[in-house]
Each structure stands twice: as structure tokens, then as C-alpha cells.
Amino acid sequence: MCSQQNKKGRTFSRSHPSWSVLFASSAVILCGIFQIQFVSAQDDQQQTLEGVDILPTVKPLKRNKPPSLPCGAIQTVGAEDEFFLETPNFNNKMKYPNSAQCEWKLKSDSCSMGINCPDFQLNDFLCFDHMDIINHNGSMSRYCGKKGPKETVLSDNVTIAFRSSAWFPDIGFKCRVVCKATANELASPYPKNAESPTQCFCGQIVDKVTGGDPADISYFSYLAGLVRRGGFRPFCGGTLINSKYVLTAAHCVQGRNPYHLEILFNVSTPIGDQGSQELQVRRSVDNILIHRNFTSRLDFDVALIRLSEPIDISGVSGNSIKPVCLPTEKDLKKFFVGENATVVGWGHTSDMGEETDVLRRAEVQVVSNEECLKHYPTITDSMLCAYTPGKDACQGDSGGPLLLMAGDDEDNTYQQMHYRYVQIGIISWGQGCGANPGVYSRVTELMKWITANAKDGSYCSNV
């Protein structure tokens with residue numbers, strides 16, 4: 001019970017819980033009673049209102065802003081951690097200094113790191129001022145000008161470096177790094193935490209393709225050509241696996257700057273045919289992510305390319321591009337030995353032979369790793385071999401798919417789509433073209449990595 005005597009000698013008492021809230025006004029809190037004082041403009045007399053219950057407006061607690069890591073920081077990042085990386089002077093609204101160098105080393109074992117740079121402006125003259133994202137295996141992505149990382153997935157051991165030249169500094173960047181907890185297992189190629197599957201079917205073909213080496217791109221709409229910026233001839237292949245990501249070989253993109261790389265779909269045949277270029281779909285590259293265990297022996301030869309703009313896989317825009325199917329959970333324990341598979345690409349037609357101007361395909365048979373070890377002593381579990389004498393992938397086909405046709409007449413699982421192609425391998429390496437087994441990255445061994453790093457794209461249904 002509180003008691004307060006006013007100027008006239010009257011006492012007003014009332015039971016009320018005390019609020020520890022201060023208001024920046026003329027209100028005075030007296031033991032839970034608001035006493036409001038004001039001065040009349042006419043008689044300059046002070047008046048008092050007492051005993052008026054006024055509910056306090058409690059301001060929500062402000063969330064602490066994530067810290068900014070200083071240059072040279074070495075940080076172990078945990079689940080739900082977040083922080084900023086920024087160029088010198090950014091918070092002072094000043095340009096970064098000339099000849100500046102800044103590095104941040106980040107490592108995480110328990111979560112998936114991502115970086116987003118909405119404020120990014122570096123001098124773009126010859127990309128002298130740049131940000132590099134360097135994986136521990138030496139692969140690198142470089143950003144300059146106004147093209148910074150956007151919701152880009154990082155590897156679990158990465159160095160982010162900033163360098164400026166001796167001329168013309170600019171505003172710089174401020175990037176947020178967030179680390180999200182990941183599930184222990186992501187066996188399914190269509191993870192539950194991905195965007196909802198779009199109403200379309202992956203890898204769909206309308207009929208079996210038999211005979212003949214030239215291939216119709218309409219049967220392989222997910223096939224992607226990696227080209228230099230503004231170019232038309234693919235130097236490597238890849239496959240669209242969802243609306244935002246292309247799967248390819250790590251050796252195709254190692255050391256390449258995303259700014260100088262583009263991805264082509266519906267590549268005209270013959271290549272460069274002016275009349276067919278209007279059917280092509282071209283995308284610039286937002287980021288390149290290479291498997292952290294990729295080695296010079298081409299073990300774990302896999303990479304993901306994040307497109308700067310998603311592909312409309314629903315068909316609403318009128319294009320016919322659909323993703324390839326990835327192996328399902330029931331496929332993960334299969335070795336596919338003895339299965340006939342299809343390899344497609346724009347590479348050479350023979351070892352060191354001429355380049356082809358049309359998309360070609362070949363039928364090869366999957367062989368066991370034990371058989372393949374007789375030819376190559378460095379075969380590992382993450383590799384798959386296929387061999388049919390005289391038929392093989394060749395130079396320029398790297399990164400493209402090894403496909404298995406599923407959904408035969410006796411299999412009701414895929415009756416809605418009739419037939420479909422499932423990607424079981426990524427063209428990687430070999431000795432000669434058709435003289436020895438071709439070696440592919442085994443997709444079933446890489447599914448956990450693929451799904452963890454491409455989960456923000458929309459998938460077509462595989463059932």
C-alpha cells in the first residue's frame with residue numbers, strides 16, 4: 001500500500017504494483033500512481049491530476065546487433081552464430097584505403113555457413129579491388145564491382161580475403177555471415193527443408209532413344225554448357241538439378257572467377273547457329289562451391305554452380321527446361337554394375353580429335369570398381385567406372401552426366417512420367433577415349449554433400 005499527500009493536503013492511496021518504467025515526459029511515477037503535471041498557458045498555474053491509471057507502453061527489447069569481426073580474425077563458428085565482415089572505414093561512411101589487405105579465416109564443424117552481401121561496391125577496374133572466397137583445397141571464387149555474394153553457401157573451412165589496389169578506392173562492403181544447424185543425415189535428394197517441390201517431373205523423356213550418336217537437346221533439357229562470359233562453345237558440361245544449381249566436375253571450375261563464367265541451356269546445334277540462339281537460356285554465376293575433399297587425383301571431383309537467377313522449371317514462362325533426376329534413397333546402396341548408361345556432351349569425337357558442333361551421346365556399361373582397379377590403381381569409393389570398347393566421353397565432356405534410364409514398362413513407380421533419366425555419375429577422367437574405362441564421380445556417394453549445399457533451390461518431383 002502506498003500513500004502520497006498532494007499540495008492541498010489530501011491523501012490518495014491505492015494498491016498497485018510498481019512499474020519500473022520511466023517515461024520521457026512530464027509524467028511522474030509515485031509508487032504506482034501516475035501524477036501528471038502541466039502548466040496552463042493562460043494563468044500560468046500548475047495543475048495536478050492524480051490517481052489516473054495509465055498503462056505503460058513497454059518498448060520491446062532491442063536485439064543485440066551481430067558483432068563485426070576484425071581483420072585477421074580466426075573464428076570457429078557454431079550453430080546459429082552470426083556476424084558481419086566489412087571493409088575498413090565502412091562504418092565511418094568513408095572509402096576503404098588504398099593497398100588494403102584484410103582476411104578472415106572461418107571454420108565450422110556443426111553448421112552450414114552462408115554469406116550475404118547486400119552492400120557491396122568495389123572499384124571494378126580489371127577487378128584489382130576484390131573479395132576472394134578461398135576453400136581450404138585451393139578453389140576460389142572472386143567478386144568485384146557491385147557483384148558480391150548473395151545468400152551464398154560457404155564450405156566448412158574457408159578464408160575470405162579483401163584486397164584493394166593503389167588507385168581509386170570505393171565504398172566497400174558489409175556482409176553478414178550466418179551459420180545454420182544441419183541435420184545429421186540428408187540421404188534424400190529432395191530434403192524436407194528445401195523449398196516445396198514444384199509441380200513438374202525431373203528427367204522426363206517422352207520415349208526411349210535408340211540408335212545414332214547425335215542427340216536431340218529436347219531429350220536432355222537439363223544439360224548445361226559452361227562457357228566463358230559471352231561465349232557459345234561449352235568447355236565443360238553440367239546438369240541442372242533444381243531451379244538454382246548446376247552440378248558439374250570440380251576440375252572444370254577450380255580457380256575460375258564466377259564473373260567470367262556463364263551457363264547455357266538449350267545450346268543450339270550446331271553450336272553458334274544464329275537462328276537457334278534465341279532459344280538459348282543464359283545465366284550468369286553467383287557462386288561456385290567445390291567439394292572440400294577434392295584432390296589433384298580427382299577424388300570427390302564435384303562442384304555446384306549457383307545461378308544468379310533461378311530457372312523457371314514450372315513451364316509457366318514457356319521454356320521446357322526441367323532438372324535431371326537424382327538418385328532416390330533406394331538407389332543409394334546400388335552399384336549399378338552391368339547397367340547400360342548414357343553419356344552426353346559436346347566434347348571431342350575421338351582422343352585429341354576434332355571438336356563436335358552437335359550434342360552427342362554414347363551408350364556405355366557400368367563396370368565394378370574391382371574391375372576398374374585393373375586399369376587405374378587410384379580408384380576410390382567416390383568413383384564409378386563405365387566401359388564399352390570404342391564408346392566413351394572425351395575431352396570437353398567433363399562435368400556432364402552419366403545417366404541411367406528408369407521407369408520401364410514393368411516399373412509402376414514412375415508410370416506418371418513414363419521414362420526418366422537419373423544421373424548416377426559426373427564425367428571426370430580417363431586414359432584415352434574408348435580405349436579404357438571412363439571414370440565418373442559416383443553421385444550416390446555425394447548425395448549428402450549435394451543436398452546440403454543446394455537445399456535452397458526448388459526441385460521437380462521424382463515420384
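Strand β26 (residues 401-406) and strand β27 pair in the antiparallel sense over six bridges, where two strands count as paired if DSSP finds at least two bridges between them. Helices (H or I, at least four residues) and strands (E, at least two) are DSSP runs that are numbered from the N terminus. This is a predicted model, in which local features need pLDDT of at least 70 and side-chain atom pairs count only at pLDDT 80 or more, whereas totals for chains, interfaces and linings use all residues. Residues are numbered from 1 along each chain as its sequence is written, and side-chain values use heavy atoms, with hydrogens and water left out.

**Helix α3**

- Helix α3 (residues 443-453) is mostly covered, with nine of its 11 residues buried.
- The buried residues of α3 are Val443, Thr444, Leu446, Met447, Trp449, Ile450, Thr451, Ala452 and Asn453.
- These buried residues pack against β12 (152-153), β19 (245-248), β21 (281-290), β22 (303-307), β27 (419-429) and β28 (438-442), contact being defined as heavy atoms within 4.5 Å.

**The five-stranded sheet**

- An open sheet of five strands runs in the order β6-β8-β13-β10-β11, and its pairing is mixed.
- Its edge strands, each of which pairs on one side only, are β6 (74-76) and β11 (140-143).
- Neighbouring strands of this sheet are turned by 15° against each other on average, direction ignored; the axes are lines fitted to C-alpha atoms, for helices over the stretch in contact, and angles run from 0 to 180 degrees between N-to-C directions.
- Inside the sheet, strand β8 (residues 101-107) and strand β13 (residues 157-163) pair in the antiparallel sense over seven bridges, and Trp104 stands opposite Ile160 in β13.

**Salt bridges**

- The count comes to 16 salt bridges, each being a side-chain nitrogen of Lys or Arg within 4 Å of a carboxyl oxygen of Asp or Glu.
- Asp156 forms one of these salt bridges with Arg292, the closest N and O atoms being 3.3 Å apart. The pair links distant parts of the chain, with Asp156 in the loop between β12 and β13 and Arg292 in the loop between β21 and β22, 136 residues apart.
- Asp156 is partly exposed at a relative accessible area of 24%, and Arg292 is partly exposed at 35%.
- Arg306 forms a salt bridge with Asp286, with the closest N and O atoms 3.4 Å apart. Since Arg306 lies in strand β22 and Asp286 in strand β21, the pair ties together parts that are 20 residues apart in sequence.
- Arg306 is buried, with a relative accessible area of 8%, and Asp286 counts as buried at 4% relative accessibility.
- The side chains of Glu371 and Lys374 meet in a salt bridge (3.2 Å, N to O), in which Glu371 counts as partly exposed at 34% relative accessibility, while Lys374 counts as exposed at 66%.
- Salt bridges that share partners join Glu151, Lys244, Asp286, Arg306 and Asp456 into one network.

**Surface features**

- A nonpolar surface patch of about 620 Å² is made by Phe125, Leu126, Phe128, Trp167 and Phe168. Patches are made of residues with over 30% relative accessible area and no salt bridge, like charges being joined within 9 Å and nonpolar side chains (Val, Leu, Ile, Met, Phe, Trp, Tyr) within 5 Å.
- Accessible areas come from the Shrake-Rupley method with a 1.4 Å probe, and for residues only the protein chains shown count as cover.
- Phe125 lies in the loop between β9 (111-121) and β10 (130-135) and counts as exposed at 51% relative accessibility.

**Gln204**

- Gln204 is placed in strand β16 (residues 204-205) and is partly exposed, with a relative accessible area of 38%.
- The C-alpha atoms of Gln204 and Met405 are separated by 9.8 Å, although these residues are 201 residues apart along the chain.

Terms used:
Buried < 20%, exposed > 50% of the residue type's maximum accessible area, 1.4 Å probe, protein only.
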